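Subject: Structure handover

Hello,

Here is the structure for you to take over. My notes on what was found in it follow below.

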Amino acid sequence: MEQISIVDSKDHVDERVKIGVWLTDKRSSGKISFLQLRDGTAFFQGVVIKNAVGEETFELAKKLRQETSMWITGTIHQDDRSHFGYEIQVDGIEVIGESEDYPITPKEHGIDFLLDHRHLWLRSSRPHAIMKIRNEVIRATYEFFNNEGFIKMDAPILTGSAPEGTTELFKTKYFDREAYLSQSGQLYEEAGAMAFGKVFSFGPTFRAEKSKTRRHLIEFWMIEPEMAFMHQEQSLEVQERYVAFLIQNVIDHCEYELNTLGRDIEVLKKYTKLPYARITYDKAIEMLQESGKFPDLQWGVDFGSPEETFLADQFEQPVFVLNYPKAIKAFYMKPHPTRDDLVICADLLAPEGYGEIIGGSERAVDYDYLVEQIKKSGQDPKNYEWYLDLRKYGSVPHSGFGLGLERTLTWITGEDHVRETIPFPRMLHRLYP
């Protein structure tokens with residue numbers, strides 16, 4: 001008798017197998033008990049028939065408590081009534097670990113309660129599906145950038161300089177110096193691009209921003225590619241190919257999980273069609289003002305959730321908004337060639353109200369311009385001497401972008417709240433002692 005995982009059931013139809021499982025729920029109907037089971041790979045049903053297993057095993061099945069762990073033996077059958085497609089007719093149960101008074105019962109719980117019990121909530125079907133899709137997005141990310149000829153470089157998490165100002169950084173002491181938790185790996189990736197041509201980082205980033213919106217996290221994971229000898233339009237093409245590639249791989253490899261979440265796969269398929277639309281910031285302002293929904297909106301402001309949602313709703317797919325005002329963007333962005341008030345950059349807005357999932361730009365290459373912009377941002381150029389060196393020794397046109405994993409995952413899965421996509425133990429405003 002072979003020991004298998006639930007996800008492998010399709011390869012063992014009509015075979016007797018052994019599986020290690022936990023009980024998520026159960027119900028009985030006369031002489032039949034239905035056990036809802038999971039093993040970490042998938043969820044399916046175990047059927048215990050009294051006449052087939054005898055009185056002792058049947059009574060054991062009826063007394064099992066939620067999250068009891070056990071070995072089960074039985075025969076795999078196809079089950080077209082479930083979206084998983086298979087079930088097991090149980091003929092033996094061996095309890096491994098008892099469970100009593102499991103706090104997350106099969107009823108509605110509030111988000112605060114679930115976040116306080118995140119270490120257990122991960123066992124439930126929805127977060128389980130989200131984490132499986134997250135894993136696929138990560139796997140596909142490595143595949144995409146490897147196929148595109150990128151080298152992965154790990155940027156430091158403790159850093160002495162800020163890419164976008166120090167007001168949203170967590171400050172700490174690095175022996176006798178001030179240091180910060182990383183806001184972005186971008187500056188380091190630019191150094192990597194000058195050595196390897198195309199690089200990317202993938203790691204945690206931190207923002208000391210007390211936001212209470214559903215879109216912002218204190219800690220999140222970001223994918224940040226940097227590309228030498230590349231202008232902005234070429235970078236946009238990489239960005240849209242990357243996003244479409246992620247979505248297609250989730251469709252191809254996570255159908256079961258998408259169905260668990262109730263995500264419409266046909267809607268996702270629309271987002272794999274390229275190219276994505278492009279509009280300028282000027283055009284976006286015009287569209288917002290002409291809508292009549294934003295009477296106080298003036299040129300020069302950054303967009304919030306309502307503005308981004310309105311703009312995205314005008315398109316069937318994600319849309320790039322190009323060339324924002326210099327005053328609201330970071331110091332490292334390349335100035336527009338004909339407009340002193342703009343920089344060459346783009347945000348990618350996701351449909352369905354999920355907002356910006358990518359921010360990117362062509363990077364400034366002029367040494368003196370960068371020194372001036374660093375000073376204007378209120379920072380000391382001495383802290384950026386190594387970064388400025390990149391403009392002294394063989395500088396080239398280069399571009400890059402950052403994709404926020406959690407917000408992108410929230411959009412792909414169709415979840416209502418970004419907090420539901422963060423992996424344990426990264427909880428918004430919740431830390432374990």
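Glutamate 415 is found in the segment that comes after α14 (405-413); helices (H or I, at least four residues) and strands (E, at least two) are DSSP runs, numbered from the N terminus. This is a predicted model, in which local features need pLDDT of at least 70 and side-chain atom pairs count only at pLDDT 80 or more, while totals for chains, interfaces and linings use all residues. Residues are numbered from 1 along each chain as its sequence is written, and side-chain values use heavy atoms, with hydrogens and water left out.

With a relative accessible area of 3%, glutamate 415 is buried (under 20% relative accessible area, with exposed over 50% and partly exposed in between; 1.4 Å probe, protein chains only). Its side chain makes a polar contact of 2.6 Å with that of arginine 126. A polar contact is a pair of N or O atoms within 3.5 Å; within protein, one must be able to donate a hydrogen and the other to accept it, and residues adjacent in sequence count only if both atoms are side-chain atoms. From glutamate 415 to tyrosine 387 there are 28 residues in sequence and 39 Å in space, C-alpha to C-alpha.

**Nonpolar cores**

A nonpolar core is a set of buried Ala, Val, Leu, Ile, Met, Phe, Trp, Tyr and Cys residues joined through side-chain atoms within 4.5 Å. The largest has 44 residues, of which Ile133, Val243 and Trp411 touch the most other members. Helix α7 (residues 232-253) gives the most to this core, nine residues. Another core, of 32 residues, lies apart from it and includes Ile285, Leu297, Leu311 and Tyr387.

Two strands pair if DSSP finds at least two bridges between them. Strand β15 (residues 345-350) runs antiparallel to β16, and six bridges join them; leucine 349 has glutamate 356 of β16 as its bridge partner. The hairpin of these two strands has four residues between them, and in it glutamate 352 takes a positive phi near 70°. In strand β16 (residues 355-362), six of the eight residues are buried. β16 also pairs with β17, over five bridges in the antiparallel sense, and glycine 359 stands opposite glycine 402 in β17.

Histidine 398 belongs to strand β17 (residues 398-404). Histidine 398 counts as buried because its relative accessibility is 2%. The side chains of histidine 398 and arginine 391 are joined by a polar contact of 3.4 Å.

**Helix α6**

In helix α6 (residues 186-196), the buried residues include Gln186, Glu190 and Ala193. The buried residues of α6 pack against β11 (198-206), β12 (219-228), α13 (385-389) and β17. Glycine 197 follows α6 and has a positive phi, near 90°.

Definitions and conventions
Contact = heavy atoms within 4.5 Å.
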